[in-house]
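Reader: I'd like to go through this model with you before I set anything up. Could you take my questions one at a time?

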Amino acid sequence: MFAISLGDDGAELRPLEVWHAAEYLAHMDRGREYIGRYIGLPDRVTDLASATALLQSYADKAAADIGRLYGIWLDGVLVGGVLFKTFDVASGTCEVGCWLEEAGVGRGLVTRAVRVLIDWAVEQRGMHRVEWIAASANTASINVAKRLGMAREGVLRESFPYRGVRHDMEIWSVLAREWRDRDKSGRR
């Protein structure tokens, strides 16, 4: 297994695999209310069997080269993660996403981790377009898209029914040439 340092604060990015199911469930239990404000992971992961099933679904996606899941560990504790929700090599388009429990908030962990994912997707896998989709009310997620230099493309009004409320969803993206230009200018 590999671990990528996300800086000098003890944060690491690692594959989140099936054998992490108990640790993943404990993480979801700690962050259930906070994480669940905008995303449904805590609703899907309620016991060891459902945690195992979700992690297995991403192991299957990784094997099929259509998605991947990574955890963010801070001082050895799983505090969040990032993922390729979709990964379509044929079209050159993928969607990245994230979640974080409160213990990891305000440290730039998601921004740093998603940079690693975008670098890999663009430089190693030849992705042309990386998308980010977030609820308009999720300002923390929108701010990550801005810090990554993504462009806001639009709003899908009331497109996402979640916990009895229809949420507006914003679509942000960065193209490979834009990502590389940011790299050349040193603004990453």
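Reader: How far is the sulfur of C98 from the closest cysteine sulfur?
Author: In this predicted model, the sulfur of C98 is 14 Å from the closest cysteine sulfur, which belongs to C94. A disulfide would need the two sulfur atoms within 2.5 Å, so that separation is too far for a bond.

Reader: And how many disulfides does that leave in total?
Author: The count comes to zero disulfides. C94 is in none, its nearest cysteine sulfur being that of C98.

Reader: Is C94 buried or exposed?
Author: C94 is buried, with a relative accessible area of 0%.

Reader: Switching to rings, how many aromatic pairs turn up?
Author: A search of the whole structure finds five aromatic pairs. One of them joins Y24 and W99 in an edge-to-face arrangement, with 6.2 Å from centre to centre and 80 degrees between the planes. Because Y24 lies in helix α1 (residues 21-35) and W99 in strand β5 (residues 93-100), this pair ties together parts that are 75 residues apart in sequence. Y24 and W99 are both buried.

Reader: What about F84 and W120, how are those rings arranged?
Author: The pair of F84 and W120 is tilted, with the centres 5.8 Å apart and 45 degrees between the planes. F84 belongs to strand β4 (residues 77-88) and W120 to helix α4 (residues 109-124), so parts that are 36 residues apart in sequence are tied together by this contact. F84 is buried at a relative accessible area of 1%, whereas W120 is partly exposed at 28%.

Reader: Which residues do ring pairs link into a cluster with F84?
Author: The cluster consists of F84, F87 and W120.

Reader: Which charged end sits over the ring of F87?
Author: That is the charged end of R68, which sits 5.5 Å from the centre of the F87 ring. Elsewhere, R37 lies over the face of Y34, at 4.1 Å from the ring centre.

Reader: Now the backbone. What is the phi of D65, and where does D65 sit?
Author: D65 has a positive phi of about 60 degrees, although it is not a glycine. Its place is in the loop between α3 (48-64) and β3 (68-74), and D65 is partly exposed, with a relative accessible area of 21%.

Reader: And E158, which element is that residue in?
Author: E158 is found in strand β7 (residues 151-162). Its phi is also positive, near 45 degrees, in a residue other than glycine.

How values were computed: Residues are numbered from 1 along each chain as its sequence is written. This is a predicted model: local features need pLDDT of at least 70, side-chain atom pairs count only at pLDDT 80 or more; totals for chains, interfaces and linings use all residues. Side-chain values use heavy atoms; hydrogens and water are left out. Helices (H or I, at least four residues) and strands (E, at least two) are DSSP runs, numbered from the N terminus. Buried means under 20% relative accessible area, exposed over 50%, partly exposed in between (1.4 Å probe, protein chains only). Rings of Phe, Tyr and Trp (its six-membered ring) pair if their centres lie within 6.5 Å; planes under 30 degrees apart count as stacked, over 60 as edge-to-face and the rest as tilted. A charge sits over a ring if NZ of Lys or CZ of Arg is within 6 Å of the ring centre and within 35 degrees of the ring normal.
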